[in-house]
Amino acid sequence: MFARTVLQTGMVLLGMSAVSARAADLVALQPLTERILMVHVKDGHVEHHRRGQPRTQEKVIADPLDTVAAMRLQAWLLRSENDPAYRTARAPVRVGRKSKGTEFAWFMDRWENNRVVNTRPDHVKEHWIYLTLPAPLQPGRTYRLDTGSLLKNGRIWTLTYDPARSRSEAVHVNTLGYVPQAPQKFAYVYHWMGDQGGLDVRPFVGKTFALVEVATGKRVFTGRVVFRMPATQQETGHLSDTPNGNFLGADVAECDFSAFSRPGRYVVSVEGIGCSWPFRIDPDVYRPAFVATMRALYHNRSGIALTLPYTEFTRPAPHHVRKTPGFAGKLRYTRLRYSEWGSEGGDPKRLMAESPGALRETWGWYQDAGDWDSYDAHLRVAQELLLVYAMAPQNFRDGELNIPESGNGIPDILDEAAWLPRFCHRLRQELRARGWGTGGIGLRVAGDAFGSDEKTLADGQKVGQGSWEDTDRIWMVSGEDPWSTYYYAGVAANLARFIPRDPEGVNWAREARESYAWAQANTRPGDEEREDHRLRGLRAYAAASLFALTGEKVYEEQLARDTAWFKPDTLLTNETLLAGPAVYALQGRGDAQLRSRMRRHILLTADETLIRTPARRALRWGGNFYFPMLVGHQTTPWVLEGAVAYTLTRSSEPERARQYLAALYTTCDYFLGTNALNQTWITGVGPRYPKEIFHMDAWYNGKGRFHPGLIPYGPWRKEKDFGQGPWDVDWANSTVYPVIDRWPGNERWFSNRCSPLTSEFTIHQNIGPAAAIYGFLCAGQRVARRPGQ
C-alpha cells in the first residue's frame, strides 16, 4: 500500500529549517483522512535482560525524535507530480502530536524522594504526528513527503492515496471479522489526535462507505456514514477514570453493514478517509481467538513439560515433585487455611509450624499469570468453560486445540476444564491417604514466604529464571477450607455430567458429593461472612451443579436458601453470584418457581450489561457500567451472563435473544479491533496485538516473542501523577504528551512489560473468561483441525 523511497541524506531542501540534532525511525506514513496525514515514529528499542541475567541488565537503544523541530510547519513538505495542488512543495497548515512511552527498561540509577530517578534513558517513545494539509489528497494521486533530517531511516516517503487501499487509523473494525448472521455489524470512524483533540467526523457524516472485496477490489456493499455519539458521552460510572467519563476522547460515526452477510475477506472504505484493516465474514470467525486463548491456558499449566508436537514454546516441567530436578521435598502442606495466612505469601514460621511434611503425589496447578502460584479463584476457568460447553456443546471437538489430551475422544475444551480439578483430586486423595486431611482441599499454592521468583547466585546477585528452575525455596499448599472445596465440588459435578467415563478413572460424581459434604461439615463460625459472603455463592454453585447431576432435592433446597437474599433488583454481576443460578436455570428441571426466579435475575443482569450498557457506549460494548478501569476492563469480554441469557431466551423470546446476541458480538468487536488502538488484545491474534507482557517464562523461553493467547490487564486508571519505578502502573505517566489527564482511557496502553498492573494478566480474570465467550460464539458442527503452533 505504501512505498518508501530513501534519497541521499545529504540533500538539503529549500526552505528547510535548521537541521535537527536528533532523529528517529518512521514506522508508518498513512492518511488519517484526505486532509490529514499521520506520521508514526518510534525512537528506538529496549534490549531486555534474559534468563540468567539481572533484571537491571537492560539497555535503551534510542535516537529520540526532535519534537520541537517536528512541530514546525516547514519540517514537513509535501509534493506531487500528478496533483496540481502539490506541484510545488507545500507545508501543512497545522501540526499536532501525541507521544507516549511504549518500551521500558527495568533498572534504577538512584532512589530519591520515594521514587526512582534515572540518569540514562529508561524508555522508548512512539510519536504520532498529524499534518493538516492545505488541500485534500486526491484518489489515485501519488505524493512524496520530505521530512529532511527529522527521521534517520529516510527522508523522502512516497504514498499513493486510494481510499479503498490506504489504511486509516480512523476506520475501526473487528480485525478478525464478523459472523454472517450477526444481528449487527458496524465499523466506526473516530480518532484522538493528542493535542489536536478528537477528529472532527461531522464532514464525513452522510458520505459513502463501502465494503470492498480484498481479492478483486470490487465494492460489494455501500451505505452512508451516520453520526453515533459525541466525545462527551459518559461511558462509565467512574468519571475520574477517563476524561469526561469517555474512553475514546473523540466523536464517533458509524458504518452499518448489518444487512451484508456474504462470506469473504473485505475492508471498509470510507469516502474522504481511507480503509480499515482487512477482515473476514465467516461463520467461524471467532475460532482463532478461542483456540489461542485456550492454548494460553495450556501454556500456563504447571507440573508438565511443554513439548513438541504440542508447542514450539517448549520448557521443562516446573514445580513437579518427581519431574523437576531439585524440587523433591519442596512442595509442602500446611494446615493453615489461606484465610489464616495473614498475607498473600504468609509467614514462613507459622506455615512451617503447621506443616506435617512434603507432598509426594500432588502436582499440576495453573500458574496464576506471569508468575507461578495458584489461588482457588482459578477454578473459575473450569467453571466457565463447563458452563459454555453446557450451552453450546456442538461448538467443540476433540483434537482442535493440539494439547496432550487431544485424541482421547473427549472435546478438548473439557480436557482443559479438567486440568485444575485433576490437581484438586490428587491433592485431596494424598491428604486423606496420609492422614493430613479429612476430605477437603485448599488451593493457595505459593513460595512467596520462602524466597522470590528470581534465582540468587552464590555472590548474592539475583538473576532471571524460568519456573522450571525455581527449586531453591519451599512452596506451600494451604490447608483445607470450605471455599476451595465447595468450588471444587461444583466443577467436579459438572465434569461428571459431561465426562461420565473419565479417561484417567476419576469418579467425578463421588468427588463432588464428598467434597460438598466435607465443606458443609467444616464451615467454621465467621466463614459465612468473609469476603462479602463469597462462601454463599460458591455453595450455591456446588448445590446447583449437584442438583443438575443427581436431581436430589437436598441440593435444590440449599440453592434456594443461598439465593433467598436476592432482592427484586439484585444483579448477578460477578462470576460467584452468576454461576449457581446459571447452572440451575439452564439444566431444565426442578422447582418451577425457583427456576423462574433464577431466570429473572439472569435476564435482569443481562438487560443491564448487554442492552443498557452498550446503548450508553459509542462502540456498543457491554459489561458492568460501574466497574472501574482496571484488571482487564478494556481488554476482556466479561459478558458471560449475556450468553446465558441468550440461551435461555433463544426459543421463548426470540427478539430479546437477538438483542443479547447482537451485544455479545459488538462487545467482542471492541476487544478484537474497534477499540482506539485498532488491535486485538490477544497476543499473536490479528494484524496488531500486544507485544510486551509481564510473563517470566515467556521472557526466558529463548524465542524472543510471546506465545499466542495472552490478554493483559491493559489500560489502568491513574492512581497518582508519577510512578515510583518501572514496575509502577503510573511510571508511564511522565512519558506522555499531552499530559496524562488528557489521555482517553482506551489509549492508555504503554506496553510496559515491567508493570504487572497493566501488562500482566490472570488466567481467571482474563484468559479463561475470554476463551469462554469466544468459544460460545464459534460455529457449531465444525470439522476439527490441528492449529498451528
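Helices here are DSSP runs of H or I with at least four residues, strands are runs of E with at least two, and both are numbered from the N terminus. The views below show a predicted model.

**Figure 1. Overall view of the protein.** The predicted model contains 17 helices and 28 strands. Its C-alpha trace spans about 90 × 70 × 45 Å along the principal axes.

**Figure 2. Open antiparallel sheet S2-S3-S10-S7.** The sheet is built from 4 strands in the order S2-S3-S10-S7, with antiparallel pairing. Strand S2 (25-33) and strand S7 (94-104) are at the edges; each has a single partner strand, so one side of each has no neighbour in the sheet. On average, neighbouring strands are turned by 20° against each other, direction ignored. S7 pairs with strand S10 (residues 123-132) over 10 bridges in the antiparallel sense. Phe-104 is placed opposite His-123 of S10.

**Figure 3. Open antiparallel sheet S13-S15-S19-S18.** Here 4 strands, in the order S13-S15-S19-S18, form an open sheet with antiparallel pairing. The edges are strand S13 (171-172) and strand S18 (226-229); since each has a single partner strand, one side of each is left without a neighbour in the sheet. The pairing of S13 with strand S15 (residues 186-189) is antiparallel and comprises 2 bridges. His-172 has Tyr-188 in S15 as its bridge partner.

**Figure 4. Packing of helices H4 and H7.** Two packed helices are described by the angle between their axes and the distance between the axes. The axes of helix H4 (residues 379-391) and helix H7 (residues 482-498) come within 10 Å and cross at roughly 30°. Angles under 35 degrees count as roughly parallel, and H4 and H7 are therefore roughly parallel to each other. Their crossing is left-handed. On the H4 side the contact is made by Leu-379, Arg-380, Ala-382, Gln-383, Leu-386, Tyr-389 and Ala-390; these meet Ser-484, Tyr-487, Tyr-488, Val-491, Asn-494, Leu-495 and Phe-498 of H7. Sorted by class, the contact of H4 with H7 holds 10 nonpolar, 3 polar and 1 charged residues.

**Figure 5. Packing of helices H2 and H17.** Helix H2 (residues 287-299) packs against helix H17 (residues 763-776) at an angle of about 145°, and the axes are 8 Å apart. The crossing of H2 and H17 is left-handed. H2 contributes Ala-289, Phe-290, Thr-293, Met-294, Ala-296 and Leu-297, which meet Ile-763, Ile-767, Gly-768, Ala-770, Ala-771, Tyr-774 and Gly-775 in H17. This contact has 10 nonpolar, 3 polar and no charged residues.

Figure 6. Most residues other than glycine have a negative phi, and most peptide bonds are trans. The peptide bond from Leu-308 to Pro-309 is cis, with omega near 5°; Pro-309 is located in the loop between H2 and strand S23 (331-333). A cis peptide bond also runs from Tyr-737 to Pro-738, with omega near -5°. Pro-738 belongs to the loop between helix H15 (696-699) and helix H16 (756-759). Arg-620, although not a glycine, has a positive phi of about 60°. Arg-620 sits in the loop between helix H12 (592-615) and helix H13 (640-649).

Technical notes
Residues are numbered from 1 along each chain as its sequence is written. This is a predicted model: local features need pLDDT of at least 70, side-chain atom pairs count only at pLDDT 80 or more; totals for chains, interfaces and linings use all residues. Side-chain values use heavy atoms; hydrogens and water are left out. Two strands pair if DSSP finds at least two bridges between them. Axes are lines fitted to C-alpha atoms, for helices over the stretch in contact, and angles run from 0 to 180 degrees between N-to-C directions. Angles under 35 degrees count as roughly parallel, over 145 as roughly antiparallel, 65 to 115 as roughly perpendicular and the rest as oblique. A crossing is left-handed if the near helix is turned anticlockwise from the far one by less than a right angle, and right-handed if clockwise. Contact means heavy atoms within 4.5 Å. Ala, Val, Leu, Ile, Met, Phe, Trp, Tyr, Cys and Pro count as nonpolar, Asp, Glu, Lys and Arg as charged, and the others, Gly among them, as polar.
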